[in-house]
Amino acid sequence: MVTGVRPELGGFIRPSGCGWFIREFLLGHGPEGSPKIDPKRGSPQADIKYQYKEALYRAIARDRAEREISDLVERGVTVSEERAAEIERKHYGRIPTKITRMRYHSFTRYFNLLRQLGWVEKTGEEEPSSIQDQYPPAPPRRYYRLTGKGKAAPDVEWSNPLIALYGDLFPPEYFRAKRKGRHYG
């Protein structure tokens with residue numbers, strides 16, 4: 001019996017969730033190979049999004065490289081550390097930029113939910129954005145950091161801030177009914 005590759009209810013799983021990444025990044029942990037930042041200073045929203053996409057690219061490249069390396073090992077080929085790193089770089093270079101699906105607008109909406117929940121706040125630090133060179137009234141880059149409330153929020157709420165914010169309006173049955181209406185395949 002042949003089974004098609006398709007997601008179960010809920011879709012494909014990403015290597016790391018956006019909420020988890022934002023929290024870990026703003027805590028200064030440098031998740032998934034991203035740079036470590038000063039948690040008190042924070043980071044601009046555009047940089048957080050860029051680092052998240054890069055982390056997804058690295059995770060996808062690592063996964064594809066591991067599959068290729070395991071195939072080589074099964075065929076009896078010895079793979080050195082240098083060769084493994086070369087294979088990973090090759091796969092990283094082949095990833096289309098739109099593969100991760102999150103566009104900037106989606107990220108800003110997600111980040112705005114975190115602001116509404118009071119989990120992130122502006123630090124007050126700003127710097128000029130590159131667009132201001134051509135259009136001076138454009139907004140500057142604003143820095144954000146985690147609040148105490150954001151640090152204390154459980155993983156379940158970070159995984160879906162929409163439910164954390166509007167949970168009383170959308171009970172779990174609402175989402176179950178929405179998923180039942182979707183046909184994968």
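Predicted model: local features only at pLDDT ≥ 70, side-chain atom pairs only at ≥ 80, totals over all residues.
**Exercise 1.** Find what the buried residues of α3 pack against, and work out how they sit on the helix.

*Solution.* Start with the partner: the buried residues of α3 pack against α2 (45-74), where a contact means heavy atoms within 4.5 Å. Residues are numbered from 1 along each chain as its sequence is written, and side-chain values use heavy atoms, leaving out hydrogens and water.

Next, list the residues: Ala84, Ile87 and His91 are the buried ones in α3. Buried means under 20% relative accessible area, exposed over 50%, and partly exposed in between (1.4 Å probe, protein chains only). Looking down the axis of α3, they fall within an arc of 60° (taken from the directions from the helix axis to the C-beta atoms), so they line one face of the helix.

**Exercise 2.** Say which residues of the largest nonpolar core touch the most other members.

*Solution.* First the rule: a nonpolar core is a set of buried Ala, Val, Leu, Ile, Met, Phe, Trp, Tyr and Cys residues joined through side-chain atoms within 4.5 Å. The largest one has 22 residues, and Ile22, Leu26, Phe111 and Leu114 touch the most other members. At least two residues of this core come from each of α1, α2, α4 (104-117) and β3 (141-146). There's also a second, separate core of five residues, with Ile87 among them.

Key:
Helix = DSSP H or I, 4+ residues; strand = E, 2+ residues; numbered from the N terminus.
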